[in-house]
Amino acid sequence: MSKIKIAIAGIGNCASSLIQGLYYYTPERTGDATVVPGLMHLEVGGYRPSDIEVVAAFDVDKRKVGKDVNEAIFEKPNCTTVFCADLPKSGTIVKMGNILDGVSEHMANYDDDRTFLLDGTASATKEDIVRELKESGAEILTNYMPVGSEAAAKFYAECALEAGVAFINNMPVFIASNPEWADRFKEKNLPIVGDDIKAQLGATITHRTLTDLFAKRGVVLERTYQLNTGGNTDFLNMKNQDRLESKKISKTEAVQSVAGKRLSDENIHIGPSDYIPWQNDNKLCFLRMEGDLFGGVPMNIELRLSVEDSPNSAGVAIDMIRCCKLALLNGEGGILHGASAYFCKHPPVQYTDDQAYEMTEEFIATRVSALNAAE
Ligand SMILES: NC(=O)c1ccc[n+]([C@@H]2O[C@H](COP(=O)([O-])OP(=O)(O)OC[C@H]3O[C@@H](n4cnc5c(N)ncnc54)[C@H](O)[C@@H]3O)[C@@H](O)[C@H]2O)c1
């Protein structure tokens, strides 16, 4: 079985966890187990995490550009937990990307170790990126631009279209959920999954699950907030309120869409709430939900969730990559609806997590059967 060849735009903390995971979940470690701690699927269509290979990588930080991607992931300002150190060299060198709006101006006001440091070389052109995608043999481009990078995210989506590779959008610029963009991927018969990755057990899935529980138990959710703090560059970038619009829509809609009754805007507050440097990649979520029980009697619940932000998304990313590969093998393009709804906060169509889970499992089973039948 050949490897799944991927390209990554943005070699930050999420890319670090993803790549570490490809070496952590080795056949030696997982053995014959069918269920492995930390993974939703050990195998998808016969592919294990170690069957994914990073063949192209793009960034704009001078500590990462020009380095082997397996070394670049451990460079500052990346600060996520190292759970798989001493990676072998991959042979894939991080290439200069196109800066566009990837780096917010306010990032210049922070210590070098905490912020992005631009590489001095000129931004790559679309032709440069497309050539690299084609020459590397990449099949899928997975996008990890900072929040608010409208132009940069669309630039990489455009490159994917032109190079003829599938696209996974892990961040909240609306591409899969924008019908015009989705149609362009459909026309080129290229799979697309997005938008804004939903972590394995993070604030969104927890908030959605509790919101669903309120609805199913007949408790009207009257008011709720979800305050999040962290100390990585994702949180530092999000100190710029001007970059937050789509992130707030994505996170808020993820909860609204499973509420029994939509809350008015003033009764729901969800957002990145502060940057606390010493937290590094540890994210804290403070959640409060207020509702009315039988007889209109009030109740509330408060919850504090503590997670390492980036590993929390990496297993989900690995599943999205493998679903894209199944679509590619089946000659299927356009939106992967089940995967988008199960793995992302802002899919083109929202489903409950139970429905999205069923759709994803069915997608995997039917595509694997089709491939087996064609053999
Ligand atoms: N951690 C999670 O669970 C999670 C969940 C949902 C969404 N996300 C989103 O995923 C994205 C990536 O998160 P992260 O924690 O890895 O961020 P990060 O800040 O660690 O990494 C971003 C990387 O992109 C690079 N970059 C900036 N502009 C670029 C450009 N124009 N071209 C190429 N590279 C560029 C930066 O140098 C940096 O290496 C963010 O938008 C985040 O909100 C993460």
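This is a predicted model: local features need pLDDT of at least 70, side-chain atom pairs count only at pLDDT 80 or more; totals for chains, interfaces and linings use all residues.

Student: In which hand, left or right, does H10 pass H12 in their crossing?

Tutor: The crossing of H10 and H12 is left-handed. Two packed helices are described by the angle between their axes and the distance between the axes. Here the axes of H10 and H12, the latter covering residues 353-374, come within 10 Å and cross at roughly 35°. From H10, the residues Cys 323, Leu 326 and Leu 329 take part, and they meet Phe 363, Ile 364, Arg 367 and Leu 371 of H12.

H10 spans residues 311-329 and is among the elements that give two or more residues to the shell around the ligand. The others are H1 (13-24), S2 (52-59) and H8 (233-237). H1 gives the most, with 3 residues. In total, 36 residues surround the ligand, and the closest are Gly 10, Gly 12, Gly 97, Gly 102 and Met 171.

The domain assignment gives domain 1 (4-198 + 311-374) and domain 2 (203-308), and the shell around the ligand draws at least three residues from each of them. The centres of the two domains, taken over C-alpha atoms, are separated by 25 Å. Their contact takes 29 residues from domain 1 and 28 residues from domain 2. On the side of domain 1 that touches domain 2, you would find 11 nonpolar, 12 polar and 6 charged residues.

Next, find Gln 200, in the loop between S6 (191-193) and H7 (203-216). Gln 200 touches Asn 312, Gly 315 and Val 316, leaving aside residues up to four places away in sequence. Gln 200 and Ser 313 are 113 residues apart in sequence, yet 5.9 Å apart in space, C-alpha to C-alpha. Gln 200 counts as partly exposed because it has 19 C-beta neighbours inside 10 Å, and a buried residue needs 20 or more.

Although Asp 196 is not a glycine, it has a positive phi of about 75°. Asp 196 is buried, because 26 other C-beta atoms lie within 10 Å.

Leu 100, in the loop between S3 and H4 (126-136), is not a glycine either and has a positive phi of about 45°. With 17 other C-beta atoms within 10 Å, Leu 100 is partly exposed.

Asp 61 is found in the loop between S2 and H3 (69-72). Asp 61 is buried, since 25 other C-beta atoms lie within 10 Å. Among residues beyond four places away in sequence, Asp 61 touches Phe 116, Leu 117, Leu 118 and Asp 119.

How values were computed
Residues are numbered from 1 along each chain as its sequence is written. A residue is near a molecule or strand if its C-beta atom, placed from the backbone, lies within 6 Å of it. Helices (H or I, at least four residues) and strands (E, at least two) are DSSP runs, numbered from the N terminus. Domain bounds come from an automatic or database domain assignment. Axes are lines fitted to C-alpha atoms, for helices over the stretch in contact, and angles run from 0 to 180 degrees between N-to-C directions. A crossing is left-handed if the near helix is turned anticlockwise from the far one by less than a right angle, and right-handed if clockwise. Two residues are in contact if their C-beta atoms, placed from the backbone, lie within 7 Å. Ala, Val, Leu, Ile, Met, Phe, Trp, Tyr, Cys and Pro count as nonpolar, Asp, Glu, Lys and Arg as charged, and the others, Gly among them, as polar. A residue is buried if 20 or more other C-beta atoms lie within 10 Å of its own, exposed if 12 or fewer, and partly exposed in between; C-beta atoms are placed from the backbone.
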